[in-house]
Amino acid sequence: MRRTQRLGEAGAPARVPFALATSTVMARTTGGLFAMGGILGTVLSVLMPHDGPGNRLVVAVAAFGAVCFGLGLVVIGDRVRPSTHQILVVFGTILITVAVHQSTSNAAALSLASCYVFVACDSSFFFSWFRAAGQILFAVVCCMTVLMLRPELPWWSGLIPSGVTIAVGCVVGVLARLASDADIDSLTGLLNRRGFDRRLHLEIARATRTGLRPALILFDLDRFKTVNDELGHRSGDAVLQRVADQWQKLLGPTRILARYGGDEFALLVPDMSEQGAISLADQMREAIALGCSAGVTSWQPGESGSFLVSRADVGLYRAKQAGRNRTVLESSRRPPLAVELVEAIARETLEVQYQPIVSLVDDGQTVGVEALVRWQSVTQPSVTTEEVIRVAEENGLIGNLDKFVLYRACRDAHDFQSAVADRRLILNVNVSGLELVEKDYVGRVDEVLRATGWPAAQLVLEVTESVLDVNTPTAITNLTDLRTRGIRIAIDDFGTGYSSLSRLKTLPTDFLKLDGSFITSITSEGEAPPLLEVIALLSTSLGLPVIAEGVENSHQAAVLTALGYSLAQGFYYGKPQSARGLIDSLGTPTSVGT
C-alpha cells in the first residue's frame with residue numbers, strides 16, 4: 001500500500017492509486033460506461049412490454065440522461081478531478097436502480113440489473129480495493145433491494161446479477177493492478193519509463209486540445225555510481241527512495257514524477273512556463289543532499305513526446321558537461337531577458353570590470369587583474385551576474401558572451417600593462433564549462449589573441465573545479481592544448497567541488513583560486529583555521545600558487561601572508577572597477593585597503 005500512496009501523491013492525480021487512473025482515461029471510461037448503459041436502457045424502454053408496475057417514460061428519461069451525461073463526460077472529462085469520479089459512480093448506481101425500479105416488466109428489470117456490472121468494472125479499475133469494495137457493496141445492496149421490492153420476483157432473484165457484479169469486479173481489479181504494476185517502478189513507487197511515456201503522450205494529446213504548454217524536466221543524480229561502488233547497491237537504493245520521497249513532498253498532485261531509469265528521474269508539469277520549470281527544478285535540486293543536474297524544456301505545438309524528451313536530454317547533457325549540479329534550459333524559445341542579452345552582446349553595451357590580484361610577498365603589489373562582466377538590464381534591473389551567466393548558458397548565448405569578455409579584456413589589458421611597465425601583468429578570465437567542452441574552443445581563443453595581440457603567456461583562464469571534475473575528454477584536451485600555447489589554467493572556487501587531491505597532479509593546472517568562504521573563517525577572535533595551513537602546504541608541495549579570494553581586511557591579509565600564501569584578491573585590495581578606473585589606480589602608488 002505504501003507504493004500506492006506514493007504514486008497517488010506525485011505520479012498521478014490525488015487519491016488515484018494506479019498509473020492507469022489519469023483524468024483522461026477515467027473520464028473516457030466512465031463516460032463510455034454511462035453512454036453504453038444509457039443506450040441499452042433506451043432500447044429496453046422501447047421494447048419492454050407494459051405488464052407490470054413502473055413508468056416507461058422515467059426509464060427513457062433516465063437512460064437518455066445517462067447517454068448525454070456520458071458523452072459530455074468524454075468531451076470535458078479532462079477538467080473533472082479524479083476524486084469526483086467516485087461521486088459519478090454513485091450517481092450511475094442510483095440511475096441504474098431508478099431504471100430497474102421503474103421498469104414495466106420483471107424481465108426488463110432483470111436485464112437492466114446487469115448494468116450493475118458497469119459499476120464494478122469502473123470501481124475496480126480505478127479505485128483502491130477499499131473504495132472499490134464500498135462501491136460494489138452499494139451496487140449489490142441496491143440490486144438486491146430493488147428486485148426484492150418488485151411483485152412476483154422472489155428475494156433471490158438478485159443473487160445472479162449481484163454475484164456476477166462481484167465476480168467481474170474482482171477479476172477487473174486484479175487485472176487492472178497487474179497492468180498498473182507494469183507502469184510502476186517497484187523500488188520507488190513512482191512511474192517507470194513505460195508509464196511516464198504513456199502519461200506524456202496523454203498530456204500532449206490533452207495539450208493539443210486545450211492549448212496548455214507542458215514542461216518537462218529530466219534529472220540525473222551526480223556521482224551516483226560512486227555511491228553504489230563505495231557503499232553498495234543497497235545504499236544506492238536507499239538514496240533513490242529518499243530522493244523520491246523528498247521530491248514527492250515538494251510536488252503537487254498534478255505533477256507527474258517518474259523514475260526514468262537508473263539514477264535518472266523525469267517530471268512532467270501539465271502547464272508551466274520554462275522559467276517556472278527552471279525555478280521548480282532548482283527547488284528540487286536544493287531539496288536533496290546529493291548533487292543533481294537537470295535539463296528543462298517545454299512542449300511546442302506539433303511536437304511528439306519522444307522529441308520533447310530528446311530535447312530535455314540535451315539540456316541535461318549540457319548541464320553535466322558544464323560541471324554538474326545545475327539546471328540548463330534547452331528551448332526553441334528565448335525568454336525576454338535572453339532576447340535583451342542578445343542585443344546587448346551585439347551592441348557591445350555590456351561592461352567588463354576588473355579587480356586587482358596582488359602579491360602578498362611584495363607588499364600588496366598588483367600583479368594581475370580578473371575580468372568580470374557586468375550588465376544593467378532594462379527589463380530586470382536587479383539581475384545579478386550569476387543570473388546573467390545562467391541565462392546565457394541556458395539559451396545558447398554563452399559562447400558569444402565569453403568571446404566578448406575575452407576580447408574586451410585582452411584589448412584593455414594592453415592599457416593596464418602600459419601603466420605598470422616594470423612588471424608583467426597576468427589577465428584572468430573566466431571560462432564557462434559549456435564552452436570548454438566545445439571542440440573549437442581553443443581555436444576561438446587563438447583568434448582573440450591574434451586579434452588583440454595579448455601574449456598567451458600572460459593569460460590565465462579560470463575554470464570551476466566542478467567542470468574539471470566532470471573529466472570530459474574534450475575539456476581535458478582543450479586545457480592541455482591551451483597550456484601548450486603558453487596559456488595558464490586556474491581552478492576557480494577550489495575547495496567547494498569534488499575533485500580528489502590526487503587528481504591535482506594530473507590535471508592541466510597552474511593556479512588554485514581558494515574560494516572566499518575559507519577566508520571569511522579568518523577572524524580576529526581566534527587562530528586561523530587549520531585547513532588553510534593544510535592548503536598552503538599542499539600548494540607548496542604541488543608547486544601550484546594559490547590566489548586567496550575574498551580578502552576584506554588587514555587581519556585576513558596578515559594571516560594569509562603568515563601562512564605562506566603568495567597571491568590574494570578581494571575588496572581589501574580593490575573592488576571591481578572600470579578599465580579607466582583601474583588604469584588610474586595602477587598609475588598611482590599602491591594604497592592597500594583604499
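In the predicted model, Arg390 is partly exposed, with a relative accessible area of 30%, whereas Asp282 is buried, its relative accessible area being 15%. These two residues form a salt bridge in which the closest N and O atoms are 3.5 Å apart. Because Asp282 belongs to helix H12 (residues 274–286) and Arg390 to helix H15, the pair ties together parts that are 108 residues apart in sequence.

A search of the whole structure finds 20 salt bridges, among them one between Asp422 and Arg423, for which the closest N and O atoms are 3.2 Å apart. Within this pair, Asp422 counts as exposed at 60% relative accessibility, while Arg423 is buried, with a relative accessible area of 17%. A further salt bridge joins Asp584 to Arg580, with a distance of 3.4 Å between the closest N and O atoms. Asp584 and Arg580 are four residues apart in helix H24 (residues 579–586), and are therefore separated by about one helical turn; Asp584 itself counts as partly exposed, at 43% relative accessibility. Salt bridges that share partners also join Asp282, Arg285, Arg390 and Glu394 into one network.

The loop between helix H15 (385–394) and helix H16 (398–419) contains Asn395, which counts as buried because its relative accessibility of 8% falls under the 20% cut-off. When residues up to four places away in sequence are not counted, Asn395 touches Leu329, Arg333, Arg334, Pro335 and Ala338.

Helix H10 (residues 224–231) has Phe224, Val227 and Asn228 as its buried residues. Seen down the axis of H10, these buried residues fall within an arc of 95 degrees, and so they line one face of the helix. The buried residues of H10 pack against strand E1 (215–221) and helix H11 (233–250), whereas the face of H10 turned away from the buried side carries the exposed residues Lys225, Asp229 and Glu230. H10 is followed by Gly232, a residue whose phi is positive, near 100 degrees.

Definitions and conventions
Residues are numbered from 1 along each chain as its sequence is written. This is a predicted model: local features need pLDDT of at least 70, side-chain atom pairs count only at pLDDT 80 or more; totals for chains, interfaces and linings use all residues. Side-chain values use heavy atoms; hydrogens and water are left out. Helices (H or I, at least four residues) and strands (E, at least two) are DSSP runs, numbered from the N terminus. Buried means under 20% relative accessible area, exposed over 50%, partly exposed in between (1.4 Å probe, protein chains only). Contact means heavy atoms within 4.5 Å. The arc is that of the directions from the helix axis to the C-beta atoms. A salt bridge is a side-chain nitrogen of Lys or Arg within 4 Å of a carboxyl oxygen of Asp or Glu.
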